[in-house]
Structures are given as C-alpha cells and as structure tokens.
Amino acid sequence: MSAVTERQPELQATPQFTDAEKAVINRLQVGLPLVHAPFAAVAGELGMTEEALLQILQDLLNRRILTRFGPMFHAGEMGGALTLAAMRIPEQDYETVTRKVNGFDEVAHNYRREHELNMWFVLATETPEDIARVIAGIESVTGYPVYNMPKQEEFHVHLHFPV
Amino acid sequence: MSISTSRSDQDYVLCALDRKLILATQSGLPLVPDPWATLGKELGLSADEVLARFQRMQDAGVIRRVAAVPDHYRLGYRFNGMTVWNIRDDAISDMGRQVGELPFVSHCYRRPRHLPYWHYNLFAMVHGTSREEVEDKASQIKAVLGDTCEGHTILYSSAILKKTGLRLRKS
C-alpha cells in the first residue's frame, strides 16, 4: 500500500450494497455478542445462515469496505494514552513526511485535512510518558513541529455509520 | 476512530494472557464459527476461558466492543468534517455538553489552542454524504453556540493516510 492513499471524496461513486450486506454492516458495527458461536447468533437475528454471514463479512473486508473486524480497544483503560496532533507540511514534503509519520507504530490513524495545519493524526501509546517521546521523535525525524492537542474534556463519543 | 478515551475510574491491569489475546486479535478476530475456540487453541486455553476474558475486558472498558470498523468513505460518508470552534473559556464546558448532545455529532472534545496558528478549543466531528450536509450540521452547531463562539471553521479530510487502530507492540 502506498504511503499516501489519495482518494478524493468527490471522485468516489456512492457505493451500492445488497440488503444482506447492509444488514451485516449495520449489525456488526454495534458489536458481536460474547457468546459461543457468535456469528450463528447474529446470522439468526438477521435471518441468514452463519455461512452466508461469514462469507459477506470476509468479502466486505477483502473489498476494504470494512478496515477491520475485531476488538476495539480503549487506550485509557489499558493504562495507555491517546492524543490528537497536527502538523503543517509544505506540499513538496508531504509524501515524505507522511511516510515518516506513518512509520511510527504509535500513529493509529492519520488524515490529510484541508487547512494550514494539513496533517492530523492520533497517537496511541501504552504509557502516558510515551506521548512526549513519540512527538519528539516525529519532530526530529521530520524536522517539523508537532502541535499536540490532547483532549481536556470529553463531551461525547458515539460513532456508527448506518447504510 | 476505533479508540475512545479514558473513563479513568480504575485502570484495568492487563495480565499476560489478556495481552496475548489482544495481540492475537488486534488485526482481526478469526472469521470462523467459534473464534473463541480457535484463539484458545493458539494460546492453550479453553473457549470458555477466552470468552470469559473477553467479557471481563469488555466489562472493564478495555475493549469497547468486538465489531466491524468501516472505512466510512467506502460506505458513502465521503465528507468527514472536523468542525472546530473558538469558544469563550468560561462557556466551554456548558457548550461542549450541548454540542455533544446533538445526535449527528460523533465525537466532541475540548482541546488546547496553539496561538497564533490555532484558535479553536472545541472539536465536533460530523460526517455526511455531501458537503452541504456537513455544512448544514455545522450551522446547527453554530446556532447552539450563539455568541459564545468567536469563530469557527470546518476541516475536511481529503485522504486517509493511515488507519490501523490502536496496536500493542509485540515486545
């Protein structure tokens, strides 16, 4: 995969999903029940076979409609830390810096955004002390300052995308 | 967006086996009829024990859920707008709560300013299938904020550069 996955939103067609795919996408964003044969349980709810559900799920992953299916971790509860950070990168260096920043395992996601601060990434580390260390590392490897924007107050987190 | 932030009442201490389970599943759960048994086989545990450990980690909030993480662009949510607001410090907590209650706001946080480059202290993420939809949602936020807001902008994402989610190091 190339460091910069350019997918201009304007150029993308609205995806078409079958009813079964929509049902799987919507149901599995909410979470798998922690029971034996969990896929059979969800398949039963959705009126399909376990085999069909697993096949659709695998296909959605292969097509990268879903980026992952598995446990969603909560860094704070694991004793770790999270922060949002931004950088201001000139266009001619953007791809190189992207590669360098993405090379840090602690960078959980990274988005290009249209603003003077044009690179925004989330750092997730196993200890709070690691945040400063990783930021210093990114600054030293890229030669650009990192603006650290840790959350000071959390008002709401709820993320589902119905299709 | 597969990670949230601390509720921080008490930190759950991951034991070595929990850690192994996380390492074994952080890139994905085995897509088989009984994933717990498959994991158990790898780690020398019974399916019941694996399930009990997942339940415990989920109850403690270490795992929010075991779920599908979509690429929201590929679901048609092509416009991902980080709306950012410069709110008077004395009003920020109250305004943050009100904005966070709007049903279309997926994340809402107070974050520090970095003057002179960055004036905004309230972040509210909204998603839409068109730019107009995101702008309409931003104007609803603006209406809530009233005169506590001294400026705002919307940062659209134009590319996902990386999206792996939180990973434990294998060390």
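**Exercise 1. Contact range and layout in chain B**

Find what share of the contacts in chain B with a separation of 6 or more comes from residues 24 or more positions apart.

Solution. In this predicted model, such residues account for 60% of those contacts. Next, take the elements. Chain B has five helices and five strands. Along the sequence they follow the pattern α-α-α-β-β-α-β-β-α-β. Last, take burial. Of the 171 residues in chain B, 38% are buried.

**Exercise 2. The surroundings of Ile92(B)**

Solution. Then list the contacts. Take Leu122(B): 30 residues separate it from Ile92(B) along the chain, yet their C-alpha atoms are 7.5 Å apart. Now count.

**Exercise 3. Packing of H1(A) and H3(A)**

Decide how H1(A) and H3(A) are oriented to each other, and describe their contact.

Solution. Helix H1 covers residues 19-30 of chain A, and helix H3 covers residues 50-62. Their axes come within 10 Å and cross at roughly 80 degrees. Angles of 65 to 115 degrees count as roughly perpendicular, so H1(A) and H3(A) are roughly perpendicular. From H1(A), the contact uses Ala20(A), Glu21(A), Val24(A), Ile25(A) and Leu28(A). They meet Leu53(A), Ile56(A), Leu57(A) and Leu60(A) in H3(A). The residues of this contact divide into eight nonpolar, no polar and one charged.

**Exercise 4. Backbone exceptions**

Solution. Begin with the rule: most residues other than glycine have a negative phi, and most peptide bonds are trans. Ala37(A) has a positive phi of about 50 degrees. Ala37(A) sits in the loop between H1 and helix H2 (38-46) of chain A. With 17 C-beta neighbours inside 10 Å, Ala37(A) is partly exposed. Arg64(A) has a positive phi of about 60 degrees. Its loop runs between H3 and strand E2 (66-73) of chain A. Arg64(A) has 12 other C-beta atoms within 10 Å, so Arg64(A) is exposed. The cis bond runs from Leu115(B) to Pro116(B), with omega near 5 degrees. Pro116(B) lies in the loop between strand E3 (107-110) and strand E4 (122-128) of chain B.

Methods:
Residues are numbered from 1 along each chain as its sequence is written. Chains are lettered from A and ligands numbered from 1 in the order in which they are written. This is a predicted model: local features need pLDDT of at least 70, side-chain atom pairs count only at pLDDT 80 or more; totals for chains, interfaces and linings use all residues. Axes are lines fitted to C-alpha atoms, for helices over the stretch in contact, and angles run from 0 to 180 degrees between N-to-C directions. Helices (H or I, at least four residues) and strands (E, at least two) are DSSP runs, numbered from the N terminus. Angles under 35 degrees count as roughly parallel, over 145 as roughly antiparallel, 65 to 115 as roughly perpendicular and the rest as oblique. Two residues are in contact if their C-beta atoms, placed from the backbone, lie within 7 Å. Ala, Val, Leu, Ile, Met, Phe, Trp, Tyr, Cys and Pro count as nonpolar, Asp, Glu, Lys and Arg as charged, and the others, Gly among them, as polar. A residue is buried if 20 or more other C-beta atoms lie within 10 Å of its own, exposed if 12 or fewer, and partly exposed in between; C-beta atoms are placed from the backbone.
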